[in-house]
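Take a look at the model below.

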Amino acid sequence: MRPLSILCAVLGLGLLTWLIVESGLDAVWAGIVAVGWGVIAVTLYHLMPLILDGWAWYKVLLSSYELSSFGASSYRVGFARLLLFRWIRESVNALLPVAEIGGEVVGARLLTLDKIPGGIAGAGVVLDRSLQVVAQALYTVIGLALLAGLTGGAAYIPWALSVSVVGFGLVAAFLLAQRWGMLRLLENGARRIAQNHVLDGLHDHLMTLYRNHRLLGVNCGWHGVAWLVNAGEVWLILFLIGFPITFLEAVVLHSLGQAARSAAFFVPAGLGIQEGSYITLGALFGIPPGVALATSLVRRAREVILGLPGLLAWQTIEGRHFFKRPSKHP
C-alpha cells in the first residue's frame, strides 16, 4: 500500500471513529444489534443487483464475440462463470485499497485466464465500467431531484444543478479520453515496456463496441435498474432497525451516499465519507445519527460477508492457474 493510501485510510478511519463517538456508541450499537441475523437477509438481497450487473457485463461480452473474429467455436465464458468474476470484481473494489478500479483489472485478467483475448477482455471491462458510471451519474441526478422534491427545499436546486453539471462533465471527460486514445497508450506501453502483446486491439475493439448504440442503451439500462434495486438494501436495513422510510427516501440516501463514496475514491472503501453522508442526508428525513450510522455499518458488514469469499475465490483461481503452468525445467 502506498504512503498516500495509508494516510487516506488513517484519516478515513479517524473520521469514522469521530462520527461514532459523536453519534453515540450506544445508539449505533443498538441499531446494529436490532438488525442482528437480519444481515444475512441483507446479504442475500444484494445478490439481486449483483446478478443484474453481471448480466449487463455478459451482454457486452456477447456483443464482443459477434463484433470480433474470435470465432463461434472458440471458448466463451458462460453467464455463471462471468457472474463469479463480477462477484470478484466487486469484492476487490470493496475491500482492497484500489481506488474502485482494481476490480476491473482483476476482471479482465480472469477473462484472459479463460483464454479470452486481452483486447476483447479489456474492452469489455472498460465499456461495462464506463456505462456503469454513466448509469450512476443519472442515478445521482434522480437522487438530487428527489432530495429537492421530498424536502420541499428550493434552495437545493442550484446546488443540485451544479453537482449534476460537474458530475456529467467528469463522466464526459472520462469517455472522451477513451475515444482520444487513452487506452492506445496502455497498449503501446505494454508492448514497449513489458514486451507483452496481450492488450493489442484494445482501443480499436472498444471503439467498435461504442458504435453499437443498442448495446450501450441495454447495458446502461441494466446498470440503472441495478442501482435502483441497491436502494432497496438501505430500505431493508432501516426496516430491520425499526425505523422504516419510503423507498424514494432510500433512493436519496443510497444514490447520494454512493456518489460521495465514489467521489472520495482516494479514501479506501470511502471510510467515514459514506457514514458522514448518511448522517447528513438522514437528518433531512428525521433519521437519528446513530441509526443512520448503523445503516452504513451494516452495509459494510454485508460487503465483508460477501467480499471475503470473493477474494478467496479469486486467489483460488489464480492458484490453480499458477500450478497448471508448464514448468520451464524438466
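Start with helix α4, which passes α13 in a left-handed crossing. A crossing is left-handed if the near helix is turned anticlockwise from the far one by less than a right angle, and right-handed if clockwise. Helices here are DSSP runs (H or I, at least four residues; strands are E, at least two), numbered from the N terminus. The contact involves Leu84, Phe85, Trp87, Ile88, Glu90, Ser91, Val92, Ala94 and Leu95 on the α4 side. On the α13 side, the residues include Arg302, Glu303, Val304, Leu306, Gly307 and Trp314. Contact means heavy atoms within 4.5 Å. By class, the contact of α4 with α13 has 15 nonpolar, 3 polar and 3 charged residues. Ala, Val, Leu, Ile, Met, Phe, Trp, Tyr, Cys and Pro count as nonpolar, Asp, Glu, Lys and Arg as charged, and the others, Gly among them, as polar.

Two packed helices are described by the angle between their axes and the distance between the axes. Helix α4 (residues 79-95) and helix α13 (residues 289-324) pack at about 115 degrees. Their axes are 8 Å apart. Axes are lines fitted to C-alpha atoms, for helices over the stretch in contact, and angles run from 0 to 180 degrees between N-to-C directions.

A word on the model itself. It is predicted: local features need pLDDT of at least 70, side-chain atom pairs count only at pLDDT 80 or more, and totals for chains, interfaces and linings use all residues. Residues are numbered from 1 along each chain as its sequence is written, and side-chain values use heavy atoms, with hydrogens and water left out. pLDDT is the predictor's confidence in each residue, from 0 to 100. The protein has a mean pLDDT of 83, and 82% of its residues reach 70 or more. Over residues 189-195, pLDDT stays under 50. For that stretch the model has 7 contacts beyond four places in sequence.

Now the overall fold. The protein has 13 helices and 0 strands. Of its 330 residues, 49% are buried. Buried means under 20% relative accessible area, exposed over 50%, and partly exposed in between (1.4 Å probe, protein chains only). Among contacts with a separation of 6 or more, 76% come from residues 24 or more positions apart.

Next, the charged pairs. Side chains of opposite charge can pair when their charged atoms come close. A salt bridge is a side-chain nitrogen of Lys or Arg within 4 Å of a carboxyl oxygen of Asp or Glu. By this rule the count is 11 salt bridges.

One of them joins Asp128 to Arg89, with the closest N and O atoms 3.1 Å apart. Asp128 lies in helix α6 (residues 118-151) and Arg89 in helix α4, so the pair ties together parts 39 residues apart in sequence. Are these two residues buried or exposed? Asp128 is buried, because its relative accessible area is 0%. Arg89 counts as buried too, at 1%.

Arg299 and Glu233 meet in a salt bridge (2.8 Å, N to O). Arg299 lies in α13 and Glu233 in helix α10 (residues 213-241), so parts 66 residues apart in sequence are tied together. Both Arg299 and Glu233 are buried. Arg300 forms a salt bridge with Glu275, the closest N and O atoms being 2.5 Å apart. This pair links distant parts of the chain, with Arg300 in α13 and Glu275 in helix α12 (residues 273-284), 25 residues apart. Both Arg300 and Glu275 are buried.

Which residues are linked in a network of salt bridges? They are Asp53, Arg86, Glu90, Glu233, Arg299 and Arg302. Glu90 and Arg302 also take part in the contact between α4 and α13.

Some single residues complete the tour. Ser63 is found in helix α3 (residues 38-67). At 9% relative accessibility, Ser63 counts as buried. Leaving aside neighbours within four places in sequence, Ser63 is in contact with Leu209, Asn212 and Leu215. Leu170, in helix α7 (residues 156-179), is exposed, with a relative accessible area of 58%.

Finally, the loops. Lys115 lies between α5 (102-113) and α6. Its phi is near 70 degrees, a positive value in a residue other than glycine. Lys115 is exposed, with a relative accessible area of 68%. Ala269 sits in the loop between α11 (247-263) and α12. Phi of Ala269 is near 60 degrees, also positive in a residue other than glycine.
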